[in-house]
Amino acid sequence: MKIQLALDRMAIEDCIQLVETTEKYIQWIEVGTGVIKEYGMAAVRELSTRFQGKTIVADMKTCDAGKHESMQAFESGATITTVMGFAPNATIKQCLEVATEYGGEVMIDLLGVETANRVKKIYELGARLFCLHVGKDMQQNGELVSSSLFKLVEGLEGIRIAAAGGITEKTVSDLLVAGVEILIVGSFITGSTEPEANAKLFSDVIKETII
Ligand SMILES: O=C([C@H](O)CO)[C@H](O)[C@H](O)COP(=O)(O)O
(Lines give C-alpha, C1' and ligand atoms only; values in the text may rest on other atoms or scores of the structure.)
Protein backbone atom coordinates (compact mmCIF):
# COMPACT_ATOMS: atom_id res chain seq x y z
CA MET A 1 0.00 0.00 0.00
CA LYS A 2 1.29 3.45 -0.93
CA ILE A 3 0.03 6.95 -0.40
CA GLN A 4 0.71 9.19 -3.40
CA LEU A 5 0.55 12.88 -2.58
CA ALA A 6 -0.75 14.75 -5.63
CA LEU A 7 0.80 18.20 -5.90
CA ASP A 8 -1.31 20.21 -8.27
CA ARG A 9 -2.05 23.79 -9.20
CA MET A 10 0.46 25.31 -6.79
CA ALA A 11 3.83 27.04 -6.74
CA ILE A 12 6.94 24.89 -6.65
CA GLU A 13 7.92 26.36 -3.26
CA ASP A 14 4.56 25.22 -1.89
CA CYS A 15 5.09 21.74 -3.34
CA ILE A 16 8.40 21.47 -1.53
CA GLN A 17 6.96 22.76 1.71
CA LEU A 18 4.01 20.39 1.54
CA VAL A 19 6.27 17.38 1.05
CA GLU A 20 8.54 18.48 3.89
CA THR A 21 5.50 18.77 6.16
CA THR A 22 3.95 15.44 5.24
CA GLU A 23 6.85 13.22 4.21
CA LYS A 24 6.52 10.90 7.23
CA TYR A 25 3.13 9.83 5.95
CA ILE A 26 3.54 9.58 2.19
CA GLN A 27 5.60 7.26 -0.03
CA TRP A 28 5.00 8.54 -3.56
CA ILE A 29 5.09 12.14 -4.75
CA GLU A 30 3.03 13.15 -7.78
CA VAL A 31 4.34 16.15 -9.64
CA GLY A 32 0.92 17.19 -10.91
CA THR A 33 0.06 18.02 -14.48
CA GLY A 34 -0.71 21.61 -13.53
CA VAL A 35 2.69 22.01 -11.87
CA ILE A 36 4.46 20.50 -14.90
CA LYS A 37 2.53 22.84 -17.20
CA GLU A 38 3.60 25.81 -15.09
CA TYR A 39 7.27 24.92 -14.56
CA GLY A 40 8.03 22.27 -17.16
CA MET A 41 10.32 19.37 -16.38
CA ALA A 42 12.26 21.57 -13.96
CA ALA A 43 9.55 20.77 -11.40
CA VAL A 44 10.19 17.03 -11.73
CA ARG A 45 13.95 17.60 -11.53
CA GLU A 46 13.60 19.77 -8.43
CA LEU A 47 11.35 17.37 -6.50
CA SER A 48 13.25 14.23 -7.50
CA THR A 49 16.54 15.80 -6.47
CA ARG A 50 15.22 16.99 -3.12
CA PHE A 51 13.28 13.88 -2.15
CA GLN A 52 15.49 11.05 -3.27
CA GLY A 53 13.95 8.46 -0.96
CA LYS A 54 10.54 8.87 -2.54
CA THR A 55 9.00 7.45 -5.69
CA ILE A 56 8.39 10.34 -8.07
CA VAL A 57 5.36 10.18 -10.35
CA ALA A 58 5.45 12.67 -13.20
CA ASP A 59 1.79 13.16 -14.06
CA MET A 60 2.51 13.85 -17.72
CA LYS A 61 -0.94 12.66 -18.85
CA THR A 62 0.68 11.84 -22.18
CA CYS A 63 -1.69 11.29 -25.10
CA ASP A 64 0.77 11.58 -28.02
CA ALA A 65 4.54 11.66 -28.54
CA GLY A 66 4.86 8.80 -26.07
CA LYS A 67 8.57 8.16 -26.54
CA HIS A 68 9.60 11.79 -26.21
CA GLU A 69 7.41 12.62 -23.21
CA SER A 70 8.30 9.44 -21.30
CA MET A 71 11.99 10.11 -21.87
CA GLN A 72 11.47 13.64 -20.58
CA ALA A 73 9.91 12.25 -17.41
CA PHE A 74 12.55 9.59 -16.71
CA GLU A 75 15.48 11.84 -17.67
CA SER A 76 14.14 14.33 -15.13
CA GLY A 77 14.24 11.78 -12.33
CA ALA A 78 10.73 10.35 -12.38
CA THR A 79 10.22 6.72 -11.41
CA ILE A 80 6.77 6.60 -12.97
CA THR A 81 5.18 8.52 -15.83
CA THR A 82 1.49 8.67 -16.70
CA VAL A 83 -0.21 8.11 -20.05
CA MET A 84 -3.89 8.41 -20.82
CA GLY A 85 -5.78 5.17 -21.43
CA PHE A 86 -7.57 6.76 -24.39
CA ALA A 87 -4.24 7.52 -26.08
CA PRO A 88 -3.48 5.54 -29.24
CA ASN A 89 -2.03 2.09 -28.66
CA ALA A 90 1.14 3.24 -30.43
CA THR A 91 1.62 5.96 -27.82
CA ILE A 92 1.04 3.64 -24.86
CA LYS A 93 3.43 1.09 -26.39
CA GLN A 94 6.14 3.73 -26.77
CA CYS A 95 5.73 4.80 -23.15
CA LEU A 96 5.99 1.18 -21.96
CA GLU A 97 9.11 0.59 -24.09
CA VAL A 98 10.83 3.70 -22.79
CA ALA A 99 9.93 2.74 -19.20
CA THR A 100 11.58 -0.63 -19.69
CA GLU A 101 14.72 1.05 -21.03
CA TYR A 102 14.92 3.36 -18.03
CA GLY A 103 13.85 0.82 -15.42
CA GLY A 104 10.77 2.92 -14.71
CA GLU A 105 7.05 2.33 -14.84
CA VAL A 106 4.00 3.63 -16.64
CA MET A 107 0.76 4.40 -14.86
CA ILE A 108 -2.25 4.24 -17.18
CA ASP A 109 -4.69 7.00 -16.29
CA LEU A 110 -8.17 5.65 -17.01
CA LEU A 111 -9.85 9.07 -16.90
CA GLY A 112 -12.31 9.07 -19.79
CA VAL A 113 -12.01 5.32 -20.46
CA GLU A 114 -15.44 3.72 -20.31
CA THR A 115 -15.10 0.08 -21.29
CA ALA A 116 -13.33 -2.93 -19.82
CA ASN A 117 -12.48 -3.97 -23.39
CA ARG A 118 -10.30 -0.91 -23.81
CA VAL A 119 -8.49 -1.65 -20.55
CA LYS A 120 -7.98 -5.28 -21.61
CA LYS A 121 -6.34 -4.03 -24.81
CA ILE A 122 -3.99 -1.79 -22.82
CA TYR A 123 -3.21 -4.76 -20.55
CA GLU A 124 -2.34 -6.80 -23.63
CA LEU A 125 0.11 -4.08 -24.62
CA GLY A 126 1.91 -4.84 -21.36
CA ALA A 127 0.58 -2.28 -18.90
CA ARG A 128 0.25 -3.44 -15.30
CA LEU A 129 -0.35 -0.25 -13.32
CA PHE A 130 -3.77 1.35 -13.75
CA CYS A 131 -5.32 4.43 -12.18
CA LEU A 132 -9.07 4.63 -11.66
CA HIS A 133 -9.65 8.35 -11.87
CA VAL A 134 -12.52 10.74 -11.33
CA GLY A 135 -11.30 14.08 -12.62
CA LYS A 136 -11.57 17.48 -10.98
CA ASP A 137 -14.37 18.60 -13.28
CA MET A 138 -16.34 15.40 -12.73
CA GLN A 139 -15.95 15.84 -8.96
CA GLN A 140 -17.75 19.16 -9.28
CA ASN A 141 -20.79 17.19 -10.45
CA GLY A 142 -20.61 15.11 -7.29
CA GLU A 143 -18.88 12.08 -8.83
CA LEU A 144 -16.51 9.98 -6.70
CA VAL A 145 -14.34 6.92 -7.28
CA SER A 146 -16.90 4.14 -6.88
CA SER A 147 -17.34 0.41 -7.31
CA SER A 148 -18.55 0.86 -10.91
CA LEU A 149 -15.03 1.97 -11.88
CA PHE A 150 -13.57 -1.31 -10.62
CA LYS A 151 -15.43 -3.13 -13.39
CA LEU A 152 -12.91 -1.61 -15.79
CA VAL A 153 -10.07 -3.70 -14.37
CA GLU A 154 -11.97 -6.80 -13.26
CA GLY A 155 -10.27 -10.09 -14.00
CA LEU A 156 -6.90 -8.65 -15.04
CA GLU A 157 -4.19 -10.65 -13.31
CA GLY A 158 -1.00 -9.26 -11.82
CA ILE A 159 -2.02 -5.61 -11.99
CA ARG A 160 -1.71 -2.88 -9.40
CA ILE A 161 -4.58 -0.46 -9.00
CA ALA A 162 -4.29 3.20 -8.09
CA ALA A 163 -7.27 5.47 -7.47
CA ALA A 164 -7.60 9.24 -7.62
CA GLY A 165 -10.26 11.85 -7.40
CA GLY A 166 -11.41 13.59 -4.26
CA ILE A 167 -10.28 10.81 -1.92
CA THR A 168 -10.50 11.67 1.78
CA GLU A 169 -10.15 9.91 5.13
CA LYS A 170 -13.84 9.01 4.81
CA THR A 171 -13.56 7.19 1.48
CA VAL A 172 -10.10 5.65 1.67
CA SER A 173 -11.02 2.49 3.64
CA ASP A 174 -13.58 1.28 1.10
CA LEU A 175 -11.05 1.75 -1.69
CA LEU A 176 -8.42 -0.25 0.18
CA VAL A 177 -10.88 -3.04 0.83
CA ALA A 178 -11.84 -3.02 -2.86
CA GLY A 179 -8.19 -3.66 -3.78
CA VAL A 180 -6.64 -0.25 -4.40
CA GLU A 181 -2.92 -0.33 -3.65
CA ILE A 182 -1.93 3.22 -4.50
CA LEU A 183 -4.11 5.85 -2.86
CA ILE A 184 -3.72 9.16 -4.61
CA VAL A 185 -4.65 12.09 -2.44
CA GLY A 186 -4.49 15.75 -3.39
CA SER A 187 -6.81 18.42 -2.06
CA PHE A 188 -7.64 16.62 1.18
CA ILE A 189 -4.03 17.31 2.19
CA THR A 190 -2.83 20.09 -0.10
CA GLY A 191 -5.99 22.19 0.26
CA SER A 192 -6.10 21.87 4.02
CA THR A 193 -5.04 24.54 6.50
CA GLU A 194 -3.48 21.65 8.44
CA PRO A 195 -1.82 19.44 5.84
CA GLU A 196 0.28 17.51 8.34
CA ALA A 197 -2.73 16.66 10.49
CA ASN A 198 -4.71 15.54 7.45
CA ALA A 199 -1.81 13.45 6.13
CA LYS A 200 -1.52 11.78 9.54
CA LEU A 201 -5.27 11.18 9.72
CA PHE A 202 -5.27 9.70 6.20
CA SER A 203 -2.36 7.43 7.04
CA ASP A 204 -3.89 6.39 10.41
CA VAL A 205 -7.18 5.40 8.79
CA ILE A 206 -5.26 3.27 6.30
CA LYS A 207 -3.26 1.58 9.07
CA GLU A 208 -6.46 0.84 11.00
CA THR A 209 -8.08 -0.61 7.88
CA ILE A 210 -5.11 -2.85 7.10
CA ILE A 211 -4.88 -4.30 10.63
O1 LIG B 1 -4.56 14.02 -11.32
C2 LIG B 1 -5.25 14.85 -10.79
C3 LIG B 1 -6.18 15.71 -11.56
O4 LIG B 1 -6.43 15.14 -12.82
C5 LIG B 1 -5.63 17.09 -11.81
O6 LIG B 1 -4.49 17.06 -12.63
C7 LIG B 1 -5.20 15.03 -9.30
O8 LIG B 1 -3.90 15.17 -8.91
C9 LIG B 1 -5.85 13.87 -8.58
O10 LIG B 1 -7.20 13.82 -8.98
C11 LIG B 1 -5.82 13.94 -7.06
O12 LIG B 1 -6.30 15.16 -6.58
P13 LIG B 1 -7.60 15.32 -5.66
O14 LIG B 1 -8.78 14.96 -6.51
O15 LIG B 1 -7.59 16.75 -5.26
O16 LIG B 1 -7.45 14.40 -4.49
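This is a predicted model: local features need pLDDT of at least 70, side-chain atom pairs count only at pLDDT 80 or more; totals for chains, interfaces and linings use all residues.
Two strands count as paired here if DSSP finds at least two bridges between them.

Strand 1 covers residues 2–7 and strand 2 covers residues 28–31; the two pair in the parallel sense over 4 bridges, so they meet the criterion of at least two. Strand 2 also pairs with strand 3, again in the parallel sense and over 4 bridges. Trp28 is a handy landmark in both pairings: Gln4 stands opposite Trp28, and on the strand 3 side the bridge partner of Trp28 is Thr55.

| Strand pair | Sense | Bridges |
|---|---|---|
| Strand 1 and strand 2 | parallel | 4 bridges |
| Strand 2 and strand 3 | parallel | 4 bridges |

Which way do the residues of strand 2 point? Trp28 and Glu30 face one way, Ile29 and Val31 face the other, and all of them are buried. To get from strand 1 to strand 2, the chain passes through helix 1 (residues 12–22), making a right-handed β-α-β crossover.

Now for the wider view. These strands belong to a closed barrel of 8 strands, running in the order 1-2-3-4-5-6-7-8 with parallel pairing. From one strand to the next, the twist averages 25°. Helix 4 (residues 66–75) packs on the sheet, where it touches strand 3 (55–62) and strand 4 (80–84). The direction of helix 4 makes about 155° with that of strand 3.

Notes:
Residues are numbered from 1 along each chain as its sequence is written. Axes are lines fitted to C-alpha atoms, for helices over the stretch in contact, and angles run from 0 to 180 degrees between N-to-C directions. Two residues are in contact if their C-beta atoms, placed from the backbone, lie within 7 Å. A residue is buried if 20 or more other C-beta atoms lie within 10 Å of its own, exposed if 12 or fewer, and partly exposed in between; C-beta atoms are placed from the backbone. A crossover is right-handed if, with the strands pointing away from the viewer, the path from the first strand over the helix to the second runs clockwise.
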